[in-house]
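This briefing is meant to be read beside the sequence and the 3D view.

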Amino acid sequence: MTTSPEVPVQRAVIARLARIAMQRAGAADNVAELLVDAALFAEDRGMRGVGVAHLLDYLRAIDDGRMDATAVPTMDRLGPALLACDAQGGPFHTGFDAVFDDLVAAARNAGVAVFVQSGAFAGGQLGWFTERLSTHGLAALGAINSNALLATAPGTGRVLGTNPMSYSFPRPDGQVMTVDQAASASAYVNVREAAAKGQPIPDGWAVDSAGVPTTDADAALRGAMLPFGGYKGANIAWMVELLAGMSGGNWSIDSPPFDSGFECPGVGMFILAIDVSKLRHDFVERADAHIRRLGKQGVRPPGTPRVEPLDQVFLRADVLEALRRRAGHPVA
């Protein structure tokens, strides 16, 4: 199978096409804006599997009824610094955006705040959530579960989600350090893309339907993902599952798939925000000095720094064509 070539497209053109495509599919204006912003955030940081191409998953989910792109989330304050939201079948982004100012204020007032969200569609780029908090001077930890795609070890079958987690720390001069990773050896969308291209996947990513390790991407899609680092990665997946489960959202094994069927996955989110300015010892400057000291020893800081938005994004031609069609634009 041939791979679709990549073409450079101006950021503004992609944003406009994607917003129109989302709106034509029935998404509310604010939902379209948030999802497109998160997709371009992922492109800026090289996480293309959950970038612009992932918007097609949202569009198909709207078409099939797995995501309500007009849902209005309901909010509740469970404690002075404990905020909750039911996404009502919409994306996580809408509820997070609606509660954002209250979450920041709660963290600054109490020193630490927690936000949980249930009843949502798949999460996409989790770093988008935590980094937004860190641009306001907060350290943030996020966790989202997904429908069950992960075997904790060969032979267990799909029992947990790929269950991403993200953390962001503020650095001086408006910089942020963000780490965003799945508990699986690779993101599910990477295996799906390899299968679409007819390419193998690395050993250790997945097992087939019989629980046997495989490098065949098609066999992996019929089987299960594996955690990174063996049982230690499975422990991280468990941690994410339990943190996200505080929201009351579906456990991964009870969650409908995000890419097929007609039901919303209904999964959960957990966000912890800490006002590090209340800590002693000038944490931001001290942590930055530590990061730079290790950098001089050849240690690469984890994750990705905050970057300037790309003026031009490289898209697979088939993704661009699909967006143009969905936006009602003639395909060149």
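Which residues does Gly137 touch, not counting residues up to four places away in sequence? In this predicted model, the residues that Gly137 touches on that count are Pro170, Ile274, Asp275 and Val276.

**Gly137 and its setting**
- Gly137 sits in the loop that runs between helix 5 (127–134) and strand 5 (138–144).
- Although Gly137 and Ala287 are 150 residues apart in sequence, their C-alpha atoms are 13 Å apart in space.

**Helix 8**
- Helix 8 (residues 231–245) has 15 residues, which at 1.5 Å a residue should span 21 Å, and this agrees with the 20 Å that separates its end C-alpha atoms.
- The buried residues of this helix are Gly233, Ala234, Ala237, Val240, Glu241, Leu243, Ala244 and Gly245.
- Among the elements that cover the buried residues of helix 8 are strand 5, strand 6 (165–170) and strand 11 (267–275).

**The largest pocket**
- The largest pocket has a volume of about 550 Å³, and of the 29 residues that line it, Val50, Thr162, Ala182, Ala187 and Tyr188 are the closest to its centre.
- Strand 7 (176–181) and helix 6 (188–197) each contribute at least two residues to the lining of this pocket, with the largest share, 3 residues, coming from helix 6.
- Sorted by class, the lining of the largest pocket is made up of 14 nonpolar, 13 polar and 2 charged residues.

**The cavities**
- A search of the whole structure finds 2 cavities of 30 Å³ or more, and the largest cavity holds about 50 Å³ of space.
- The lining of the largest cavity includes Leu35, Val50, His54, Tyr58, His93 and Gln125, and helix 2 (residues 29–44) gives the largest share of that lining, 3 residues.
- By class, the largest cavity is lined by 5 nonpolar and 6 polar residues, with no charged residues.
- The second largest cavity, with a volume of about 30 Å³, is lined by Leu149, Arg158, Tyr188, Val191, Ala220, Leu221, Gly223, Ala224 and Met225.
- Helix 6, helix 7 (217–222) and strand 10 (224–225) are the elements that give two or more residues to the lining of the second largest cavity, a lining that divides into 7 nonpolar, 1 polar and 1 charged residue.

Conventions: Residues numbered from 1 in each chain as written. Predicted model: local features only at pLDDT ≥ 70, side-chain atom pairs only at ≥ 80, totals over all residues. Heavy atoms only, no water. Helix = DSSP H or I, 4+ residues; strand = E, 2+ residues; numbered from the N terminus. Contact = heavy atoms within 4.5 Å. 1 Å grid on protein atoms, 1.4 Å probe; cavity = no way out; pocket = protein on both sides within 12 Å on 5 of 7 lines; lining within 4 Å. Points joined across faces, edges and corners; volume = space filled by probe spheres on them. Nonpolar A, V, L, I, M, F, W, Y, C, P; charged D, E, K, R; others polar. Expected span 1.5 Å × (residues − 1). Buried < 20%, exposed > 50% of the residue type's maximum accessible area, 1.4 Å probe, protein only.
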